[in-house]
Amino acid sequence: MRLSTVILPIHRWSEGQKIWRRAEELGFHAAYTYDHLSWRSFRDEPWFGAVPTLTAAATATERIRLGTLVTSVNPVSPIAA
């Protein structure tokens, strides 16, 4: 059985890199993050972009698969602007 995890993009990278590395150390098959503009319970907290977060996670990990759990095209589409 392959297990995956979700890591919310709420951590500054000094703390976030430890979390992504830990997910790999724990043996998770994949780690995902959300591509939303925010999350209700984190409305007044930092919320970082999915692509920069995953890019940074790729530099800090070696084997774990990375991806977006949900990708929202409309808010970032130049066509919708």
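V6 lies in strand β1, which spans residues 4-6, where strands (E, at least two residues) and helices (H or I, at least four) are DSSP runs numbered from the N terminus. This is a predicted model, in which local features need pLDDT of at least 70 and side-chain atom pairs count only at pLDDT 80 or more, while totals for chains, interfaces and linings use all residues. Residues are numbered from 1 along each chain as its sequence is written, and side-chain values use heavy atoms, with hydrogens and water left out.

With a relative accessible area of 36%, V6 is partly exposed, a class that sits between buried (under 20%) and exposed (over 50%), as judged with a 1.4 Å probe and protein chains only. L69, found in strand β3 (residues 65-71), is likewise partly exposed, at 41% relative accessibility. Although L69 and V6 are 63 residues apart along the chain, their C-alpha atoms are separated by 7.6 Å, and L69 touches V6, Y32, T33 and Y34 when residues up to four places away in sequence are not counted, contact meaning heavy atoms within 4.5 Å.

Within α2, A50, T53, L54, A56, A57 and A60 are buried, and because they cover an arc of only 160° around the axis, they fall on the same side of α2, the arc being that of the directions from the helix axis to the C-beta atoms. V51, P52 and T59, on the other side of α2, are exposed.
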